[in-house]
Amino acid sequence: VQLQASGGGSVQAGGSLRLSCAASGRTFSSYAMGWFRQAPGKERELIADISRSGSITKYADSVKGRFTISRDNAKTTVYLQMNSLKPEDTAVYYCAARYAAAVLPEPYNYWGQGTQVTVSS
């Protein structure tokens, strides 16, 4: 599956952005999707993920209550709505996919190209 992320940019603290990740190539609904981010000098971290149907979502504590992950399987797109942004949210954001239709869970091994989010104080 190929992933194309978009929607990053610069915003002031307290503002909002919505990231999109368009998928193509294989059956989108067979994949769980996640959003990761990597700030300068830090490791890449998983901040939100969503099940194949969209019925189950999970968030890192750092974004819980402010970010919302969603997906539209008909449009083969996953979204990350980011509200109440803080300077510490500044990072490169990546969408990722993992095949989730098998018996054993698979790791995230399909990645988008990353989109920069910069939040100024």
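Does Gln38 count as buried, partly exposed or exposed, and at what relative accessibility? Gln38 counts as partly exposed, because its relative accessibility is 28%, and partly exposed lies between under 20% for buried and over 50% for exposed. The structure is a predicted model. The protein has 11 strands and zero helices.

**Overall fold**
- Along the sequence, the pattern is β-β-β-β-β-β-β-β-β-β-β.
- A compact globule with 121 residues would have a radius of gyration near 14 Å, and the protein agrees with this at 14 Å.
- Along the principal axes, the C-alpha atoms fill a box of roughly 45 × 25 × 25 Å.
- Among contacts between residues at least 6 apart in sequence, 55% join residues at least 24 apart.

**Surface and charge**
- Of the 121 residues, 41% count as buried.
- The protein exposes about 6300 Å², and carbon and sulfur atoms supply 48% of this area.
- The protein has 13 positive and 8 negative charges, and their mean positions are 5 Å apart.

**Gln38**
- Gln38 belongs to strand E4, which covers residues 31-38.
- Its side chain reaches the backbone oxygen of Lys42 at 3.1 Å.
- Beyond four places away in sequence, Gln38 touches Glu43, Arg44, Ala91, Val92 and Tyr94.
- Gln38 and Thr90 are 52 residues apart along the chain, and their C-alpha atoms are separated by 8.6 Å.

**Ser51**
- Ser51 sits in the loop between strand E5 (45-50) and strand E6 (57-59).
- Ser51 counts as buried because its relative accessibility is 17%, and buried means under 20%.
- Leaving aside neighbours within four places in sequence, Ser51 is in contact with Ala32, Ile56 and Arg71.

Definitions and conventions: Residues are numbered from 1 along each chain as its sequence is written. This is a predicted model: local features need pLDDT of at least 70, side-chain atom pairs count only at pLDDT 80 or more; totals for chains, interfaces and linings use all residues. Side-chain values use heavy atoms; hydrogens and water are left out. Helices (H or I, at least four residues) and strands (E, at least two) are DSSP runs, numbered from the N terminus. Buried means under 20% relative accessible area, exposed over 50%, partly exposed in between (1.4 Å probe, protein chains only). Contact means heavy atoms within 4.5 Å. A polar contact is a pair of N or O atoms within 3.5 Å; within protein, one must be able to donate a hydrogen and the other to accept it, and residues adjacent in sequence count only if both atoms are side-chain atoms. The radius of gyration is taken over C-alpha atoms; the globule rule is 2.2 Å times the number of residues to the power 0.38. Accessible areas come from the Shrake-Rupley method with a 1.4 Å probe; for residues, only the protein chains shown count as cover. Lys and Arg count as positive and Asp and Glu as negative; His and the chain ends are not counted. The place of a charge is taken as NZ of Lys, CZ of Arg, CG of Asp or CD of Glu.
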